[in-house]
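Have the sequence and the 3D view open as you read.

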Amino acid sequence: MCGIVAYLGDKDAFPVLIKGLKRLEYRGYDSAGIALIEEGDINLYKCKGKVSDLEDHIGGKSVRGTVGIGHTRWATHGEPNDINAHPHTSESGNLAIIHNGIIENYASLKEELTQRGHTFKSDTDTEVLIHLIEDIQEREGVKLGEAVRIALNGVIGAYAIVVIDKDRPKRLIAAKKSSPLVIGIGEDDFYLASDATPIIEYTKNVVYLNDEEIAILDLDKGLKLVNIANQEKTPYIQELELKLEALEKGGYEHFMLKEIHEQPRSIADCLRGRINSLQGRVQLGGIKDYEDKIAKANRVIMVACGTSWHAGLVGEYLFEDLARVPVEVEYASEFRYRNPIITENDVVIAISQSGETADTLAAIKMAKERGATIIGICNVVGSTISRETHGGSYTHAGPEIGVASTKAFTAQVTVLTLMALSIAKKKGVIEESRFRRLLIELENIPSKVEEVLKINSQVEFIADIYKDANNALYLGRGLNFPVALEGALKLKEISYIHAEGYPAAEMKHGPIALIDEAMPVFVIATKDASYEKIVSNIQEVKARKGKIIAIVTEGDETVKGIADHTIEIPETDDSLVPLLATIPFQLLSYHIAVMRGCNVDQPRNLAKSVTVE
Ligand code: G6P
């Protein structure tokens, strides 16, 4: 993971870098650092902890310079400490580098360099790379850009890097492979970052670097692109659509709370222009050319990680039930290493909020090589996965900054519902009346989500009762089983309470042994086809003195009579319940985490965008 940011121009670089790093902290927050060129010297400031710790560390020291690089780290090689924090410098101290990614062959490179007299201060792979670059520069007598190119030809792994040279304060060299890098083109300056969020307030014109491209940025000569094979490339300048307000908390205490409350709008944005219940129409422009392929697919394989994988599980139910297409849902990290059997008749759907998750990316590259059609469901426009796929649909949820995913999940489920409906219609396997009813219900979902959000204070009350629990169980059946998994994941991620999601009927095969009076059991018990069965599961928990907190359909009296607490959600079609039932669990985790004093937006050890395998 890690976030990188750089500036080259005539402005004071420090505020640009610090603000940029704060925007990128979702990518990791183990350590932070910056390097600035000032009067022919590289001034380096770095320390363990967050960007705010770096600001404290710098205190009142002079941080002048109009060229600089900054980094916020999610540790891979070497523990998170001051020394391993980026930027790292070369043997002579003339060059400094920031890096997001992993250099897999760093050990052999380090060995060679050590034999040639290099000494290293840190345990990182990144320091090895900057030593290698300088070594090549000196041995081959080449310019920095060429030395970077030669070095990258000898590197195995992933990188987004920016290199500065204290003797060339008007130049930056940047390169990328498998980790993202965006270049903002200002009027007389350049901004570089892992994503567009640190750039947006300065310029809307950006170039997304492609894999194995090297950018040479020069204040006098402008931007030059080459690839690592030394072929010149033409930069493709795109205009950003991102809005600055979307990156701010807008009066909420945390991004997560803001993002939970944005869901009526984010789901509406996701539906906008794609359905029309009056005309009985669903239309996803980005998959139009592939719908036939999906409809006739041997099987659809959904690959994803984390919360996106849970959305895939909901998608499996929807695709199989509505569109009668066989689906398998795979953890991207398992799928790619299993040597799976993939044919040209398979369709792989990659689901990813960031569009950068390394395992998901690797899984689709492998499936593509084996001839499958690849469809993406991504949130971040222009992300690597969205560019690697044949077709796809954006979720249009807007930037999600809280590390724990909320609005991206409901938007993913919304897109999957639209896809399932569209394929169902194309195949003619859905009754027109059900199809129309589902379209109407979908159009009503944003206002029903609005209704669900009104239970916030009731959820806060329940959170207060269970905030000190050590364990929690989440149960659901059918489409709501993934909702249970997602509820448990949210609690684990941000409040550090051990939680497990289980199919309710499986409880009796193991987890039931855990139930006692101290165990809160969160159950989705809405009025659907398995309602009676889930009521029995609730009775089984109560018989063992467990505490039941049930999400029920508005007006339900049966569960209310048995459960310790009930949370009512509006009635909707069975297929759409996950879009509503997931929200009380998001709020519950949020409130419990706040009450336990946890860092809600930046939970320990996690990062939002996982670009390591
Ligand atoms: C990380 C995040 C999760 C996310 C997962 C997959 O673990 O903390 O919130 O669900 O990555 O990310 P993606 O961007 O591919 O959806």
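## Two positive phi angles

Arginine 324 sits in the loop between helix 9 (306–323) and strand 19 (327–331); helices (H or I, at least four residues) and strands (E, at least two) are DSSP runs, numbered from the N terminus. Its phi is near 55°, a positive value in a residue other than glycine. Arginine 324 is exposed, at 55% relative accessible area. Here buried means under 20% relative accessible area, exposed over 50%, and partly exposed in between (1.4 Å probe, protein chains only).

Histidine 396 also has a phi near 55°, again positive in a residue other than glycine. You'll find histidine 396 in the loop between strand 22 (391–394) and helix 13 (407–427), and it's partly exposed at 37%.

## About the model

This is a predicted model, where local features need pLDDT of at least 70, side-chain atom pairs count only at pLDDT 80 or more, and totals for chains, interfaces and linings use all residues. Residues are numbered from 1 along each chain as its sequence is written, and side-chain values use heavy atoms, with hydrogens and water left out.

Histidine 86 and proline 87 are joined by a cis peptide bond, with omega about 0°. Proline 87 belongs to the loop between strand 4 (67–73) and strand 5 (88–89).

Glycine 117 is in the loop between helix 3 (106–115) and helix 4 (125–140). With a relative accessible area of 47%, glycine 117 is partly exposed.
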